[in-house]
Amino acid sequence: MKKTYLLLLTLAHIACFAQTDAKLQAKLDQQAKEIEPKLIEWRRQFHQYPELSNQEFKTGKKIADYLKSLGMEVQYPVAKTGVVGILKGSKPGPVVALRADMDALPVNERNSLPFASKEKVIFNGTETGVMHACGHDGHMSILMGVAEILSKNKNELKGTVKFLFQPAEEGVSNGEDAGAFLMVKEGVLENPKVDVVFGLHIQSLLPTGQLAYRAEGLMAAVDAVNIKVTGVGAHGATPWDSVDPIVVSSQIIMGLQTIVSRQLDLPKAAAVITIGSLHGGIRRNIIPEEVNMEGTIRTFDLEMQKKVHEKIKLTATKIAEASGAKAEVTISDGYPLTYNDPKLTALMAPSLAKAAGAENVKVIQPVTMAEDFSVFQQKVPGLFYFLGAYPVDMKLTKRPVHHTADFMLDEKALVTGVKSLVTLTLDYMNMPKK
Ligand code: NI
């Protein structure tokens, strides 16, 4: 009973702390609603002219010009094609960073929308279409809307807002630093020093208007694994003359499956090991000398991540050794865990409810996709969440899955996206200092 009372008191305090003046809140909500036609127009322009990772030249220029037109300080280009806008409020306070990613994907768009992309590029030697097939067009449009509304209301801002328009979230294959890594390296979290970072991702399978989040690990840490198995080649008719790297590779793949299923403390956290590419041999009756495989590792726990890496190396090298072959394992770091600071998440959850309606805010299970928003979260506390954008009205025949030709989003979600980021920013600024 006492505990309940204390809890209620604490919750009441939190609610009170996170309170932006109700009049101001109503005004901002109204402005978010009014800006909807612009949000849709921006999103469609970005959608029609998508650009791949680190190629977001026209996209970046358009954003930089727009932020300049709002009268804010703009740094451009940052991290190749990125843009940073700095909006100083009229009163002192914390520095809140808001992030949107900018890149599209090498996907051929499959729909009859009037603003469908017709862009073509050569990607890895193959001609392909380019498509905003993950919703980053929506993210940019939302953040431009937030920039416009907060600029209009800068006299009400107790602190500074940094708008981070980030290139290359989808990653680059040439081994260079990209996206969030490069932005952090180039100092976007400094001068002025960022206190907190907020970001969202459109989720096309979640109903429009819903927001979904969880404290701690929201999205997985991802690492890449490459395994080269070297054996001895022979005629396919005389396998006893060979050390067959194809058979050894099959054993290794099966062995890797037992790491997650038999060696990890699964109630603690989930993990995934997928081998997605396997190359060896050229003809049915030649046993090759070498097989190469590539895989992806997803984890939610630092200790487990280390253990998985060690076990993959051990399993692959020892299985190969048992057959007289050799396995060389290379594991390279991808994106870290998207980790929502638990204290910050608890403090800001009421703001999400305020923006979308409490009935539209869900706490969800971890997701095994990854995000380089996590790179900012390694430096400053951050909150990342999903914005539902399932296009109910469009009567789709195919599920609008991210990264596919059938991806589609509901533009009605854009306003909720704007409201959520505006509310988080204002509420964070209005919290009393510790
Ligand atoms: Ni994405």
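Analyst: The answer below begins with the chain as a whole and then turns to the open sheet of 8 strands.

This is a predicted model, in which local features need pLDDT of at least 70 and side-chain atom pairs count only at pLDDT 80 or more, while totals for chains, interfaces and linings use all residues. Residues are numbered from 1 along each chain as its sequence is written, and side-chain values use heavy atoms, with hydrogens and water left out.

The protein chain contains 11 helices and 18 strands, where helices (H or I, at least four residues) and strands (E, at least two) are DSSP runs numbered from the N terminus. A compact globule of 434 residues would have a radius of gyration near 22 Å, and the 24 Å of this protein chain agrees with that; the radius is taken over C-alpha atoms, and the globule rule is 2.2 Å times the number of residues to the power 0.38. Along its principal axes, the C-alpha trace spans about 85 × 60 × 45 Å. Of the 434 residues, 52% are buried, a word that means under 20% relative accessible area, with exposed meaning over 50% and partly exposed in between (1.4 Å probe, protein chains only). Among contacts between residues at least 6 apart in sequence, 81% join residues at least 24 apart, a contact being heavy atoms within 4.5 Å.

Now to the sheet itself. Its 8 strands follow the order β1-β2-β6-β3-β7-β18-β8-β17, the pairing is mixed, and the sheet is open; two strands pair if DSSP finds at least two bridges between them. At the edges stand β1 (73-78) and β17 (361-363), each of which pairs on one side only. From one strand to the next, the twist averages 25°, and angles here run from 0 to 180 degrees between N-to-C directions, with axes taken as lines fitted to C-alpha atoms, for helices over the stretch in contact.

With β2, strand β6 pairs in the antiparallel sense over 6 bridges, and L87 has V161 of β6 as its bridge partner. With β3 (residues 91-101), on the other hand, β6 runs parallel, the two being joined by 8 bridges, and V161 is also the bridge partner of V96. Strand β6 is mostly covered as well, since 8 of its 9 residues are buried.

Further along the order comes β7 (residues 196-207), which pairs with β18 (residues 382-390) in the parallel sense over 8 bridges; within this pair, Q203 stands opposite G388 of β18.

Helices also lie against the sheet. Helix α9 (residues 342-356) packs on it, touching β7, β8 (211-213), β17 and β18, and its direction makes about 30° with that of β18. Helix α4 (residues 57-69) lies across β1, β2 (82-88) and β6 (158-166), running at about 170° to β1.

F198 and F386 are 188 residues apart in sequence, yet their C-alpha atoms are 11 Å apart in space.

A nickel ion is also part of the model. The ion is coordinated by C134 (SG), H136 (NE2) and H201 (NE2), at 2.2 to 2.4 Å, where donors are N, O and S atoms within 2.8 Å of the metal (3.2 Å for Na, K and Ca), and since water is not among the atoms, such sites may look incomplete. In sequence, the donor residues are spaced C-x1-H-x64-H, and both C134 and H136 are buried.

For contrast, the chain holds another open sheet, with 4 strands in the order β12-β14-β10-β15 and antiparallel pairing. Its edges are β12 (271-280) and β15 (326-333), each with a single partner strand, so one side of each is left without a neighbour in the sheet.
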